[in-house]
Amino acid sequence: MGKKGPYRFITEEYSEAGILRTLNYMLNPNLISTEQKSRLLNLAFLSTSTNRVERVDTYKVTGLDRDSAILENRIAVCNAKNNNMECIMSNKKNLWILTEERPKNSVLKTIIERFCSDYSIGFFADPLRIIPLIKDEKFTFSYQVLGINSPNIGNIYVKTVSGYSSFVDFLVYFQEQEPVADDTPLYAIEETKTDDSESRNTGVYQRCTKFVYIDYFYSYVKKIMLYDLQVTQKAKPTQTNIFGSRLLATCGVEVLGKVQTDEQGLAFDSIDELIQYKNSMRKPPKGNVPIDITRYADRIEVSGRLFKSGGLSHDPNIGALTIIAKALRVLGWEKDIIITQHGLAQSMLSISNKFIHIANRLNIKLQGLNIPKNVEHPDYWRYEKKGEKLATIFIHLVVESFTNGYSIFENHAGCEKSYFKNSNGDVVPLVKYSDRKAYKDGDKSKIAHIPDLILVDVERLQVINIEGKTYLNRFKGIAELSNYDFIEENYIRPQYPEYSIQRTVVVYGSNEEEIVEIQVSFMLNEKGKMILGIQAPKLFKQAILNLLDYWTQRKPSNLLNYNNNVLGTRIV
């Protein structure tokens, strides 16, 4: 830990007994050994003549007062003779956050705060930055989160992963070494920006499948539904949201990030209570298949349509029927659960479909059809090594951490689509079709094509529309650049009229070290080498140069000394 000034032992009670009480309260037995605690206590008694700290930075404390927070940070030892501090710290573990998503500062902040609250860890907090880890001028495919300083946490790392089937957005581990699939995470977190005000089903049901599936790999993991809302929360929750929230509570899933009523957090006590509540809810419009639950002596039937777009792909209903079946099992139902009015044919049941995986696990049946027996991968997740988002997420994070540029829209492959950010900071959803009626009537050209990422260079007044592709698919990406007229004319130019617009392709993959196509502005190859194209936006060049300068000037061991001035004058 870098020294920015001598520390002195802090407590309001300077007697030996007072120090002992304070340290006994603060030193978490889960994070420090008896021997280390004894050593701290013995050394602390030597420090009672100095009772104030000379450096008190902005800090974040979870449920602790200031003095206790400093103690929690193990700043309990100093040399009373010469004012030079010798900090005695426990062996520190790292916090690992594995995700399929583009890591967002707001979400990481919530996750870290929750972890520290649960494990009674105090910490200092500055604005977060997510920094790519570079070695020998190559990306290591790991990121480090800077801005959290606690002697109980070594470093905070983020890595991109993918699931073999239905995968939550974040797995969180607290351990020294990089996680492997056999390690058990502390948290499984699903994140959504969607509220009742936008979509009743998507806001609660669509994510439920992931919580059901993970139970079969990590049965004791803490499951959290995290709402990272960017719009005003609906004042009064809908019946759909209340029912879905109660199902989550029944299945042991906690909701975080939004205000909930007492009823929403109330688990169902019995099968009959669950059935009665669902069947008393308002029915959907005529022509839609309602989700109704009927209990018989030997089975429970649940109606619900699963057919969509030619197959088994109705995500909100897949989530709803899955979480209902799971809750029925949790409440003790051991007999058949049969889905009726699903609209499927036998040929639509693929062994790779996530619903089929869960149907096998929960012993769900589809009326009139046979559920195929699937063979699951033994692991829940793997580190991502192939996808285009390795490059688009990289350029996104580098630009936002090392320049004044920022994103106004993102749709990284396999990640949640964001809202479009207007010039005044307001956010709006992008329409799916340039002409909805024509599209529904069969004109598929009326779909509204959107980039994978839109960045704004405020210094050069430029908007950059980015299409992400793997190296092998780069020519498809180049062809897709011609599809952005609609979004530029209807969203970008009205909001950013003074800005020029550049369309470009960002690619991941191969062992190539040169870019031939002028439309490709950046390539991250499989070795982690960062290659800029001939016509790369100046924003990209600035970001990569500052990233490399940062690592030239600062070694990994000095990252705990990071502050907003570490990049020097090269960042404007």
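Predicted model: local features only at pLDDT ≥ 70, side-chain atom pairs only at ≥ 80, totals over all residues.
How many of the 572 residues of the protein chain count as buried? The figure is 53%.

Some overall counts to start. The protein chain has 15 helices and 23 strands. If we take contacts between residues at least 6 apart in sequence, 66% of them join residues at least 24 apart.

The helices come first. General point: two packed helices are described by the angle between their axes and the distance between the axes. Here the pair is α7, residues 239-250, and α8, residues 271-279. Their angle is about 165°, and the axes are 11 Å apart. Angles over 145 degrees count as roughly antiparallel, and α7 and α8 are therefore roughly antiparallel to each other. The crossing of α7 past α8 is left-handed.

Which residues make the contact? From α7 there are Gln 239, Ile 242, Phe 243, Arg 246 and Leu 247. From α8 there are Glu 273, Leu 274, Tyr 277 and Lys 278. Sorted by type, the residues of this contact are five nonpolar, three charged and one polar.

Next, the sheet. It is an open sheet of four strands, in the order β9-β10-β13-β14, with mixed pairing. At the edges stand β9, 293-295, and β14, 364-366. Each of these two has a single partner strand, so one side of each is left without a neighbour in the sheet. Ignoring direction, neighbouring strands of this sheet are turned by 25° against each other on average.

Within the sheet, look at β10, residues 299-303, and β13, residues 336-340. These two strands run parallel and are joined by five bridges. To give one of the partners by name, Arg 299 has its bridge partner in β13, and that is Asp 336.

Last, a single residue, Leu 539. You will find Leu 539 in helix α15, which covers residues 538-553. Is Leu 539 buried or exposed? Its relative accessible area is 1%. Buried means under 20%, so Leu 539 is buried.

What does Leu 539 touch, leaving out residues up to four places away in sequence? The list is Val 399, Thr 403, Gly 405, Leu 455, Val 456, Asp 457, Arg 460 and Ile 464. Take Arg 460 from that list. In sequence, Arg 460 and Leu 539 are 79 residues apart. In space, the distance between them is 8.4 Å, C-alpha to C-alpha.

That is the end of the tour.

Technical notes. Residues numbered from 1 in each chain as written. Heavy atoms only, no water. Axes fitted to C-alpha atoms, helices over the stretch in contact; angles between N-to-C directions. Parallel < 35°, antiparallel > 145°, perpendicular 65-115°, else oblique. Left-handed = near helix turned anticlockwise from the far one by under 90°. Contact = heavy atoms within 4.5 Å. Nonpolar A, V, L, I, M, F, W, Y, C, P; charged D, E, K, R; others polar. Pairing = 2+ DSSP bridges. Buried < 20%, exposed > 50% of the residue type's maximum accessible area, 1.4 Å probe, protein only.
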